[in-house]
Amino acid sequence: GQNQTDYLKPSLLLNPMRVLERLVDLGLVVRNKKKALALISELQDSSHLARKIFQTSSPGWLRTVENSPYFYLTSRAVYQRRGRKEEIVLDRRVRDGFSISGDLSTWNKAVGNLCAENPVLQLSVSLALAGLILRRSGIPNFGVQLNGLSKIGKTVALQVAASVIGSAESVLSWNATANGLEEVAMSRQDAVLILDEMGQGDPRQVGDSVYRILNGQTKIRHSSSTEGVLDSCRNFVGLILSSG
């Protein structure tokens, strides 16, 4: 009884059973398996498709063809010029940290007003906003580290920054491998990467991560989505807000 939308790669249509299994996992009730497979097989003929949707594994500033206008993609929406309607979605496996709760007036009352006399919180909010336009400004990647004793509000400052685009769940930890942090950074493309408690991370891993991420270049490695296929180097654009 609920409407759901799922995005399928064309290659899945080569095996209708895989498509059917995916739909069943989403909640589809199948009473006639043979008929369902026949209907799915018909989708291989593109004339049956209502529209074509592009899928990407990278959020942020994108464009479908060279010299076309940029648009900004998140897991929640596509922000683009008035009159344009790009049919593009973010791979569901990418956790970009964007979420929506309430509206701007609610945020101003609950968060924004409390930043008025606090320069650290103002800086945190400004960095979250700056990350969204960094690519368009031409300014290179950079990071800000909040230092100090415990219990002085460093983590709160990170949570305030996270509230600009999502929730406190967008505040992540330095306690990860360099490769893991690179993958997280790519999911925060054209935004801000918020990392708490640098002291919990391995010094060598932290140093390696900072060097790679701020230089915008990540390692070549095997793709996590396609066995045996190499991903090319991917350029990260964004900011780091950290504490420790």
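This is a predicted model: local features need pLDDT of at least 70, side-chain atom pairs count only at pLDDT 80 or more; totals for chains, interfaces and linings use all residues.
Trainee: What does the secondary structure of the protein come to?

Mentor: There are seven helices and eleven strands. The C-alpha atoms fill a box of roughly 65 × 45 × 40 Å along the principal axes. Of the 244 residues, 35% count as buried. Among contacts with a separation of 6 or more, 62% are between residues 24 or more positions apart.

Trainee: Why are Trp-61 and Tyr-72 called an aromatic pair, and why edge-to-face?

Mentor: Their ring centres are 5.3 Å apart, and the limit for a pair is 6.5 Å, so the two rings pair. The planes stand at 85°; an angle over 60 degrees counts as edge-to-face, so the pair takes that label.

Trainee: What makes this pair a tie between parts of the chain?

Mentor: Trp-61 belongs to strand S2 (residues 60-62) and Tyr-72 to strand S3 (residues 71-73), so the pair ties together parts that are eleven residues apart in sequence.

Trainee: How do you know whether Tyr-72 is buried or exposed?

Mentor: The relative accessibility of Tyr-72 is 7%, and buried means under 20%, so Tyr-72 counts as buried. Tyr-72 also forms an aromatic pair with Phe-98, at 6.2 Å centre to centre and 65° between the planes. Those values are within 6.5 Å and over 60 degrees, so this pair is edge-to-face as well.

Trainee: Which parts does the pair of Tyr-72 and Phe-98 tie together?

Mentor: Tyr-72 is in strand S3, while Phe-98 is in the loop between strand S5 (88-90) and helix H3 (104-110), so the linked parts are 26 residues apart in sequence. Phe-98 has a relative accessible area of 15%, which is under 20%, so Phe-98 is buried too. The structure holds two aromatic pairs, and Trp-61, Tyr-72 and Phe-98 form one aromatic cluster.

Trainee: What makes you say that the charged end of Arg-136 sits over the ring of Trp-61?

Mentor: The charged end of Arg-136 is 5.6 Å from the centre of that ring.

Trainee: Why is helix H1 called roughly perpendicular to helix H2?

Mentor: H1 (residues 16-25) and H2 (residues 33-42) pack at about 110°, with their axes 9 Å apart. The range for roughly perpendicular is 65 to 115 degrees, so the angle falls inside that range. H1 passes H2 in a right-handed crossing. On the H1 side the contact is made by Pro-16, Met-17, Val-19, Leu-20 and Leu-23, and on the H2 side by Lys-33, Ala-36, Leu-37, Ile-40 and Ser-41.

Trainee: How do you know that Val-19 is buried?

Mentor: The relative accessible area of Val-19 is 1%, against a limit of 20%, so Val-19 is buried. Val-19 is in helix H1. Leaving aside neighbours within four places in sequence, Val-19 is in contact with Leu-8, Leu-12, Leu-13 and Ile-40.

Trainee: How do the axes of H6 and H7 lie?

Mentor: The axes of H6 and H7 (residues 203-214) come within 9 Å and cross at roughly 35°. The crossing is right-handed. Ala-178, Asn-179, Leu-181, Glu-182 and Ala-185 of H6 meet Gln-205, Asp-208, Ser-209, Arg-212 and Ile-213 of H7.

Trainee: What makes Ala-178 buried?

Mentor: Ala-178 has a relative accessible area of 2%, which is under 20%, so Ala-178 is buried. Ala-178 is found in helix H6 (residues 178-187). Beyond its neighbours within four places in sequence, Ala-178 is in contact with Gln-205, Asp-208, Ser-209 and Arg-212.

Trainee: What is the phi of Asn-67, and why is Asn-67 called exposed?

Mentor: Phi of Asn-67 is near 75°, a positive value in a residue other than glycine. Asn-67 lies in the loop between S2 and S3. Its relative accessibility is 68%, and exposed means over 50%, so Asn-67 counts as exposed.

Trainee: Is Asp-190 buried or exposed?

Mentor: The relative accessible area of Asp-190 is 0%, under the 20% limit, so Asp-190 is buried. Asp-190 is in the loop between H6 and strand S8 (192-196). Phi of Asp-190 is near 60°, a positive value in a residue other than glycine.

Technical notes: Residues are numbered from 1 along each chain as its sequence is written. Side-chain values use heavy atoms; hydrogens and water are left out. Rings of Phe, Tyr and Trp (its six-membered ring) pair if their centres lie within 6.5 Å; planes under 30 degrees apart count as stacked, over 60 as edge-to-face and the rest as tilted. Helices (H or I, at least four residues) and strands (E, at least two) are DSSP runs, numbered from the N terminus. Buried means under 20% relative accessible area, exposed over 50%, partly exposed in between (1.4 Å probe, protein chains only). A charge sits over a ring if NZ of Lys or CZ of Arg is within 6 Å of the ring centre and within 35 degrees of the ring normal. Contact means heavy atoms within 4.5 Å. Axes are lines fitted to C-alpha atoms, for helices over the stretch in contact, and angles run from 0 to 180 degrees between N-to-C directions. Angles under 35 degrees count as roughly parallel, over 145 as roughly antiparallel, 65 to 115 as roughly perpendicular and the rest as oblique. A crossing is left-handed if the near helix is turned anticlockwise from the far one by less than a right angle, and right-handed if clockwise.
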